[in-house]
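The following paragraphs lead the reader through the structure shown here. They begin with a single residue and proceed to its surroundings, the ligands and the chains.

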Amino acid sequence: MIELYNVSKVYESGVKAVTDINLRIAKGEFVFLVGPSGAGKSTLTKLIFREQLPTTGQIFFRGRNILRFKGREVLQLRRQIGIVFQDFRLLPRKTVFENVAFALEVIGRPRKEIRRRVPVALAQVGLSGKEDAFPDQLSGGEQQRVGIARAIVKRPLVILADEPTGNLDPGTSREIMDLFEQINRDGATVIIATHAWDIVNRMRKRVVALENGRLVYDEEQGSYSHGA
Amino acid sequence: MALNSLWYCMRQTCTSLVRNFWLGTASAAMIAVSLIILGGFLLVAVNANQSMRIIESTVEINMFLEDEADIRDLRQRLHALDGVEEVRFVSKEQGLRELKETFGERRDLLAGFEGENNPLPDSFRVRAEQADLVPGLARQISFFPGVYKVSYGQEYVEILVRVTQWVNLIAFGAVILLGAGAVFLIVTTIRLSLLARQDEIGIMRYLGASNWYVRGPFVLEGMVVGLAGACLAVGVLGAAYYYLVTVLGRSPLVLFFVQPVTDPRVILSILGGLLGLGLLMGGLGSLISVRKFLRV
Ligand SMILES: Nc1ncnc2c1ncn2[C@@H]1O[C@H](COP(=O)(O)OP(=O)(O)OP(=O)(O)O)[C@@H](O)[C@H]1O
Ligand SMILES: [Mg+2]
């Protein structure tokens, strides 16, 4: 599904965010991306949906080199991925409902379908009743869950979540992770960058660890022992 | 999908228009000014054109004869020409009388030129069926035997043509400058809208929104601004022209000089063209803006 070959990213500032990463993620896998702050987890996720271009190396999505993608293909790529951003990226002038609906509007789903699917997604992240709130009227955790609802509502092939539980209490975090697991069971490939070592260790999924931008650990049913 | 996106597009456009009200108004006003000038010149041009045609059609060819010219033969030759409507012989005496009339009070100046001393030649006045036949006829006539000189006021017509050419050139330049200014203002208006929504646009991009989904509202905004300006221009021009034609046109003085163009097909196609042009300018300005600022 996703393959990275010798991928490095050096930001314009000179920071080497990721270095020489080789990684293959098969369809239907559930992968935790772990590592200390600044290890390059977010950078890696951004490379996958082409927010950032790698400095060197090749990245394939479903067998196609995404670095060769042009305009439309880039959009097609992003439409197939449900992205949860570390910084939420909600539209401030839209309500919760509209923010989630937007993911479907953008890919041209009919209104009827939108009205049916958005409440389901909001219920799944525990935000029923908050439809008409604006993002700045929500707590950090609630905003984060709007972002998650937006990512899952379109039932994407791939969920790419950057610290989806960073602002959530342990109970809610667990519910969200269960939700991801369920979506994964339904066939989606799930990639989650996280610091939540307790959850990682409990769920026994594949764990890919980064340190200083390098891949230092890649284990099926792995655990996270590098400290939070 | 199309309907859905259309709705989204229109909502965004309205929001932007409200938010950038003053700049939008300034852009629309600028478009209106340039279109008013353009339209004004177009109206002047069609009227000048029509007046010129009227003047031309009243133009007679003056065919001055040599003393020994065979008047009967020439008259026959003239009548044999295609496109000749009327031929009138003016003897030198009659010519002098007519000249005296144009001198009016000062006719005494011509007192010494009577009889033997009359310097004027005999002449034919030839009127053509159509104005554009005049130059050709004049040329043919000039080769007739016994013809001393042919004139049909070409100087007058040429001056008229040259003046309108200059006026058109200046108007054209002014319209280009103003039009470019207006388009630039639109570019700025749309850029402000874009900047105000930069974050949103970025998010849309990351959610996979297509170029046109993102651009649509901005292009529509530009077109609305352009159309608003054009409507203003059409309103102002239409009202002014109507006033000129009906109120001023009733005064016999004005009517004597120009016969205003009132053919609704001409007027409406000018005004309609202006509307289209405003729409085009608005669309063009916003396209320039989104092309520049919305690269993936
Ligand atoms: N846009 C950017 N421009 C320049 N440097 C950047 C940019 N984004 C990240 N970096 C740098 O790249 C490195 C890796 O950052 P990244 O965000 O990928 O880490 P992370 O593993 O996601 O960290 P965290 O767990 O804190 O989210 C850091 O040193 C960071 O300062
Ligand atoms: Mg990060």
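A:Phe88 counts as buried, because its relative accessibility is 15%; buried means under 20% relative accessible area, exposed over 50%, and partly exposed in between, with a 1.4 Å probe and protein chains only. The model is predicted, so that local features need pLDDT of at least 70 and side-chain atom pairs count only at pLDDT 80 or more, while totals for chains, interfaces and linings use all residues. Residues are numbered from 1 along each chain as its sequence is written, chains are lettered from A and ligands numbered from 1 in the order in which they are written, and side-chain values use heavy atoms, with hydrogens and water left out.

A:Phe88 belongs to the loop between β6 and α3 of chain A. Helices (H or I, at least four residues) and strands (E, at least two) are DSSP runs, numbered from the N terminus. The phi angle of A:Phe88 is near 65°, a positive value in a residue other than glycine. A:Arg89 is found in the loop between β6 and α3 of chain A, and its phi is near 55°, again a positive value in a residue other than glycine. With a relative accessible area of 16%, A:Arg89 is buried.

Just after α3(A), A:Gly108 takes a positive phi of about 75°. A:Arg111 is found in helix α4 (residues 111-124) of chain A. At 38% relative accessibility, A:Arg111 counts as partly exposed. A:Arg111 and A:Ala101 are 10 residues apart in sequence, and their C-alpha atoms are 9.1 Å apart in space.

Which residues coordinate the magnesium ion? The ion, ligand 2, is coordinated by A:Ser42 through OG and by A:Gln86 through OE1, at 1.8 to 2.2 Å. A:Ser42 lies in helix α1 of chain A and A:Gln86 in the loop between β6 (81-84) and α3 (96-106), so the pair ties together parts that are 44 residues apart in sequence. Donors are N, O and S atoms within 2.8 Å of the metal (3.2 Å for Na, K and Ca); water is not among the atoms, so sites may look incomplete. A:Ser42 is buried, with a relative accessible area of 17%, whereas A:Gln86 is partly exposed, with a relative accessible area of 38%.

A:Ser42 also takes part in the surroundings of ligand 1. A polar side-chain atom of A:Ser42 lies 2.7 Å from an oxygen atom of ligand 1. For A:Ser37, a polar side-chain atom lies 2.5 Å from an oxygen atom of the ligand, and for A:Gly38 a backbone N or O atom lies 2.8 Å from an oxygen atom of the ligand. Taken alone, ligand 1 exposes 630 Å², and the protein buries 67% of that; accessible areas come from the Shrake-Rupley method with a 1.4 Å probe, and for residues only the protein chains shown count as cover. In total, 15 residues surround ligand 1, the closest being A:Ser37, A:Gly38, A:Lys41, A:Ser42 and A:Thr43; a residue is near a molecule or strand if one of its heavy atoms lies within 4 Å of it. Helix α1 (residues 41-48) of chain A supplies the largest share of this shell, three residues.

Chain A as a whole has seven helices and 10 strands. Of its 228 residues, 57% count as buried. The accessible surface of chain A comes to about 9,900 Å², of which 46% belongs to carbon and sulfur atoms.

Chain B contains 10 helices and four strands. Buried residues make up 38% of its 296 residues. Chain B exposes about 16,900 Å², and carbon and sulfur atoms supply 65% of that area. Within chain B, B:Asn62 is placed in strand β1 (residues 61-65). Leaving aside neighbours within four places in sequence, B:Asn62 is in contact (heavy atoms within 4.5 Å) with residues including B:Phe124, B:Arg125 and B:Lys149.

Note on methods: A polar contact is a pair of N or O atoms within 3.5 Å; within protein, one must be able to donate a hydrogen and the other to accept it, and residues adjacent in sequence count only if both atoms are side-chain atoms.
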